[in-house]
Amino acid sequence: SRGVYQSRDDAASFVFKQFGVVMVDGIPFNVANAAATAGGRNLIVLKGGEGYAKTLPRRVEFKVNLAAQKFYVLGGVAGWGFPYGPPEGHNVPAVKATLTYDDGQTEELVWKNGEEFADYARPNEVPGSKVAGEVTTSGQVRWFSFQPTRRQKIVRIALESFDNHLAPTFVAMTAQVK
């Protein structure tokens, strides 16, 4: 319900049509209601860009504790994302995801600006994600998926920005276990 990029005092960067389980292309995502969360927040915005977004954490980590065949990510947008900025800022790393398995081994994935990530303000097509239809009343949210290379229990996932001109944003993540 507030700005998440340049200033917290800005108008809401995302206005969701509904909260709770939202179906996007047949995939269920749980969109949290900021009014019902501790701290009044329902997005993960990682450090980058400028203004308020530059003060946010560069890395977040959350527990998973299950073996998943596939994960679906609702987000795929960033403040100052593709196609904005100079061409040398396109196709650069946006986020590194680190999956930690229960045996301590890790797997890293890197998602890029202009591939999985696009600017949040309006629909801009990129090849690695799809627009999430009617989730918001302004701007865009996108979705993409990834498959872990191992079928072992994942204990946690860390998301880390590259603290560049992008402020990568996540709304929800769904695990497919069968």
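Me: Hi! What should I know about the model before we start?
Reply: The model is predicted, so local features need pLDDT of at least 70 and side-chain atom pairs count only at pLDDT 80 or more, while totals for chains, interfaces and linings use all residues. Residues are numbered from 1 along each chain as its sequence is written, and side-chain values use heavy atoms, with hydrogens and water left out.

Me: Great. How many salt bridges are there?
Reply: There are 10 salt bridges, each a side-chain nitrogen of Lys or Arg within 4 Å of a carboxyl oxygen of Asp or Glu.

Me: Which residue does Glu-134 pair with?
Reply: Glu-134 pairs with Lys-17, at 2.6 Å from N to O. Glu-134 sits in the loop between strand 10 and strand 11 and Lys-17 in the segment before strand 1, so the bridge ties together parts 117 residues apart in sequence. Strands are DSSP runs (E, at least two residues), numbered from the N terminus.

Me: And which residues form the salt-bridge network?
Reply: Arg-59, Glu-61, Lys-96, Glu-108, Arg-156 and Glu-160 are linked in it. Within that group, Glu-108 and Lys-96 have their closest N and O atoms 3.7 Å apart.

Me: New topic: is Asp-119 buried or exposed?
Reply: Asp-119 is buried, at 4% relative accessible area; buried means under 20%, exposed over 50% and partly exposed in between, with a 1.4 Å probe and protein chains only.

Me: What does its side chain reach?
Reply: The Asp-119 side chain reaches the backbone nitrogen of Gly-81 at 3.0 Å.

Methods
A polar contact is a pair of N or O atoms within 3.5 Å; within protein, one must be able to donate a hydrogen and the other to accept it, and residues adjacent in sequence count only if both atoms are side-chain atoms. Helices (H or I, at least four residues) and strands (E, at least two) are DSSP runs, numbered from the N terminus.
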